[in-house]
Amino acid sequence: MYEHPPAGEILRGFKITVNDSDQGANAKFKLRLVGPSRVLRVVPQTVLNEAQVTIIVEDASGIDYEKGPTLSFKLLAVEIDTPERFSATADILINLLDTNDNVPIFTSEYYIARVPENSPGGSSVVAVTVSPLLIKICFSQTK
C-alpha cells in the first residue's frame, strides 16, 4: 500500500477469514490488532463462529515509508465467554510504497566560493549538497 492513505481506507489485497468451529457462546471471540497503536483497526471486532475480516486505516500519520518500509501487526482472536480463553494469532506484514512527499533540503543556508578571475569556463566553483542530490554549480566566462 502507499504511505499516507486517507483515514477510513480499506486495505485491499487481504482475504482474511476467521472461524471457531464450536457452537454457541464457545464460538464467540474478539478480534484486535497488536502493533503500532491506532494506525489500523479491524472490523468486525466481535465474531460468532465465522467472519470475513476487514482492516481499515484509522490514523495515517503512522503509515510513513521514511519511518520504515514495512508495518507489522498480529491479528489476535480471543474467546470471550469461555474459562479457557483460547486464542490464535495471524501475522500481517504490509509493504509500504514511497510517494513523493518530501522536498529537497540544502545542507547549508548559503555557500561561499572564491573563483580566480582566469578560471576557464565550465570550471567547478562549489559542490552544493541537496539531500539526496548533489548539484555542481559552474560558471561560464564571458568577455
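Trainee: Where is the place of F106?
Mentor: F106 sits in strand β8, residues 105-106. Strands are DSSP runs of E with at least two residues, and helices are runs of H or I with at least four, numbered from the N terminus. The run 105-106 therefore counts as a strand. This is a predicted model, in which local features need pLDDT of at least 70 and side-chain atom pairs count only at pLDDT 80 or more, while totals for chains, interfaces and linings use all residues. Residues are numbered from 1 along each chain as its sequence is written, and side-chain values use heavy atoms, with hydrogens and water left out.

Trainee: Which residues is F106 in contact with, leaving aside neighbours within four places in sequence?
Mentor: They are Y111, V128, T129 and V130. Contact means heavy atoms within 4.5 Å. For V128, 22 residues apart from F106 along the chain, the C-alpha separation is 7.6 Å.

Trainee: Why are β1 and β3 called edge strands?
Mentor: The open sheet has 3 strands in the order β1-β5-β3, with antiparallel pairing. β1 (16-19) and β3 (40-43) each pair on one side only. From one strand to the next, the twist averages 35°, as an angle from 0 to 180 degrees between N-to-C directions of axes, which are lines fitted to C-alpha atoms (for helices, over the stretch in contact).

Trainee: How much space lies in the largest pocket?
Mentor: About 240 Å³. A pocket is an open set of points on a 1 Å grid over the protein atoms alone where a 1.4 Å probe fits, with protein on both sides within 12 Å along at least five of seven lines; lining residues have an atom within 4 Å of a point. The largest pocket has 15 lining residues, with V18, N19, F29, A77 and A88 closest to its centre. β1, β2 (28-34), β6 (70-79) and β7 (87-95) each give two or more residues to this lining.

Trainee: Which residues lie nearest the centre of the second largest pocket?
Mentor: R32, L33, R38, L40 and R41, from a lining of 13 residues. The volume of this pocket is about 160 Å³. Both β2 and β3 supply at least two of its lining residues.

Conventions. Two strands pair if DSSP finds at least two bridges between them. Grid points are joined across faces, edges and corners, and a volume is the space filled by probe spheres set on the points.
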